[in-house]
Amino acid sequence: MVYLIGVILFLGAALFVGYPLFKAESKKEATETNQETQVNQAVIRSMLEELELDYEMGNISEEDCRELDAKYRAELN
Amino acid sequence: MADLGYTTLILALVFAVYSAIASAVSVRNKSPELAASARNGIIAVFIFFTLALEIMLYALITNDFDIKLVALHSSEDMPFIYKLTALYSDKAGSLMFWGWLISVFAVVLTFQKRRAFNGIMRYATGILSIILVFFLVLVTIGLDVFEESPTSVMSGLGQTYQHTAMLIHPLLLFLGFAGFAIVFAFALGSLLSGHNSNDWTGAIRRWALFSWCTLGIANLVGAWWAWDVGNWGGYWAWDPVENAGLMPWLLATALVHSIAIQHKRGYLKPWTILLAVFTFVFTLLSPFITHGGLEESPLHGFNNSPVPPYVLSFIIIILAGSAGAIAWRRQYLVNEAKPQSLISREGAFLFTNLILVLIVLFVFFGTIIPGLAEDLANREVAIERDFFDRTAGPTLLVLVFLMGICPLLGWRKSSSALFRHNAIFPFLASSIATMVILISGIGNWYALAALVCGFPLFTILQEWFRGTRTRHRTKGENHLLAFLLLIWRNRPRYGGFIVHIGIILITIGVIGSSLYPDDFMVNVMWAGGSVLLLGAIIAFWPERQRKVSTPRLA
């Protein structure tokens, strides 16, 4: 009985696992480049916000703030 | 019942092996169909693993003492909840539960990241399949989790393990351990796929934080159990089993810092990968240690287990595979931005990682040396808790002090004039606290604690105060709103400060309880007799062997 259940379970799972091999995969998968660019821009924007806060709180000098601000904005563009 | 459970585990093993092979071939042939089939393979593993787990839980609930695990760890008169948790009281049951959690997380990760990180996921699916194969081999071949009991004599769960902490501690521990398998697979997948961007760190950050949190809480709950049961001499005894939970947590602490820096600055790339590998490897050391791989541990009854050689072999495979991947893809581990000076926030993060790794090395060698000396030289070497207190203790204090330095530094470089200006308040405030404690005669060590812990605490308070004031001035928000929005808009930074305050409080507690213990000797001559001691009632019940008072003295 256990063997019969085992064989039925195996066949069911094999159909499920093998199904994609007989079906062309959807092309919906987003290109990684788009995702990458969006994430990178979000990170740079958060860095710019943090830089502004750090400057206003007096954690970095005006000169360093200007230099880093120019660098981040160049990366954003 | 046992046969059906074993069969489902064997089926899970078959599909895990298929999924690993299909992932490897899909990477080689760039076949999306085969990659999708491998993903379905992972889902099949999860389904069969879940079936096996449900069969075991059913056996525990229905008192099926024909299964050895049930007979050894359960009994008819045990409360229902402890019948369920008897699962992870067993050496094979705990491994089955851990493996099942990895299969759950693997399915979640597959659905979460398959679109955005398709390239990484092809490798990660393969790596997770290999990890699942390992766990399934352990619970079917290494140890048969559904092994039949030669007699139907029930032993039940030991009284000390029928404790609320023991319901929570293993659950959280395995959640953390399973989470780090996901972090490891995704990190190595990003390297193997040549993913030349830091966005993957943002994708895995929540997994790392979740695992770090659960493992940290698990360690604290374990300490609570040790304290409450009271048989191990306090809440932390530097026992190998305790160290096995602490070491991956320390490495994970460095890992979450590295992930944050790589995500923001493209710095510490090699650190992130290495820490992901070693955090996972150190989670595997836990079953190696608890199953008697080093020496017999008094904390868990898992000695004389066949598991250690399997674990050691798998650790070697993981280390060799990771070393090969790093050597092959080393060009992707070059830091994009280097700080202009080590006196910068990046430099402070690097130094933090170094200190954490140093603490792990102290704990690691203190843990393995006695076992190694016995195995290799047949000599008995005892490492007392003094070794850990004298090495890891001071290093931890340096780390806590560093928590106060880091927020005062800027990215890339910091001017010494600005640093001095920002450090004046925390330095003066902690110095005053130190002086007050010294003068009031509370104790020299508390004075040191006030200096070491006060500096980062006042730095954090200063950061909150300045940030709130700045938002109030520049955005026109009232002070309460400015404070709340300061934290909400900068969650990684200010959330990190809240965690740091927690660590500071733990440090103060550890210093106080370690250096100022209250030891009393009282004689109670008869069973049921009690004495009143500093407001606590201490009663003597020989059959229970535990205190009944609730107030704590230290």
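Me: Which residues in H11(B) are buried?

Reply: This is a predicted model, and in H11(B) the buried residues are B:Val307, B:Tyr310, B:Val311, B:Phe314, B:Ile318 and B:Ser322. Seen down the axis of H11(B), these buried residues fall within an arc of 95°, so they line one face of the helix. On the other side of H11(B), the exposed residues are B:Pro309, B:Ser313, B:Ile316, B:Ala320, B:Ala323, B:Gly324, B:Ala327 and B:Trp328.

Me: What covers the buried residues of H11(B)?

Reply: The cover includes helix H5 (91-113), helix H6 (118-142), H7 and H10 of chain B.

Me: How do you know that the span of H11(B) agrees with its 22 residues?

Reply: At 1.5 Å a residue, the 22 residues of H11(B) should span 32 Å, and because its end C-alpha atoms are 32 Å apart, the two values agree. The expected figure rests on 1.5 Å times one less than the number of residues.

Me: What makes the crossing of H7(B) and H11(B) left-handed, and at what angle do they pack?

Reply: Helix H7 (residues 164-192) of chain B and helix H11 (residues 307-328) of chain B pack at an angle of about 35°, with their axes 9 Å apart. The term left-handed requires the near helix to be turned anticlockwise from the far one by less than a right angle, and the crossing of H7(B) and H11(B) is classed as left-handed. In this contact B:Leu188, B:Leu191 and B:Leu192 of H7(B) meet B:Ser322, B:Ala325 and B:Ile326 of H11(B), and by class these residues divide into five nonpolar, one polar and no charged.

Me: Why is B:Phe280 called buried?

Reply: A residue is buried if 20 or more other C-beta atoms lie within 10 Å of its own, and B:Phe280 has 28 other C-beta atoms within 10 Å, so it counts as buried. B:Phe280 is placed in helix H10 (residues 269-290) of chain B. Leaving aside residues up to four places away in sequence, B:Phe280 touches B:Phe180, B:Ala181, B:Phe184 and B:Ile318. B:Phe280 and B:Ile315 are 35 residues apart in sequence, while their C-alpha atoms are 9.3 Å apart in space.

Me: How many helices and strands does each chain have, and what share of each chain is buried?

Reply: Chain B has 17 helices and two strands, and buried residues make up 47% of its 554 residues. Chain A has three helices and zero strands, and of the 77 residues of chain A, 13% count as buried.

Me: How many residues are in contact between chain A and chain B, and which elements of chain A take part?

Reply: 33 residues of chain A are in contact with 36 residues of chain B. The elements that give two or more residues to this side of chain A are H1, helix H2 (32-56) and helix H3 (62-76) of chain A, and the largest share, 11 residues, comes from H2(A). By class, the side of chain A that touches chain B has 18 nonpolar, seven polar and eight charged residues.

Me: At what angle do helix H1 of chain A and helix H2 of chain B pack, and which residues make the contact?

Reply: Helix H1 (residues 2-18) of chain A and helix H2 (residues 32-61) of chain B pack at an angle of about 150°, with their axes 8 Å apart. The contact is made by A:Ala13, A:Phe16, A:Val17 and A:Gly18 of H1(A) together with B:Ser37, B:Asn40, B:Gly41 and B:Ala44 of H2(B). These residues divide into four nonpolar, four polar and no charged.

Conventions:
Residues numbered from 1 in each chain as written. Chains lettered and ligands numbered in written order. Predicted model: local features only at pLDDT ≥ 70, side-chain atom pairs only at ≥ 80, totals over all residues. Axes fitted to C-alpha atoms, helices over the stretch in contact; angles between N-to-C directions. Helix = DSSP H or I, 4+ residues; strand = E, 2+ residues; numbered from the N terminus. Contact = placed C-beta atoms within 7 Å. Nonpolar A, V, L, I, M, F, W, Y, C, P; charged D, E, K, R; others polar. Buried ≥ 20, exposed ≤ 12 C-beta atoms within 10 Å, placed from the backbone. Arc of directions from axis to C-beta.
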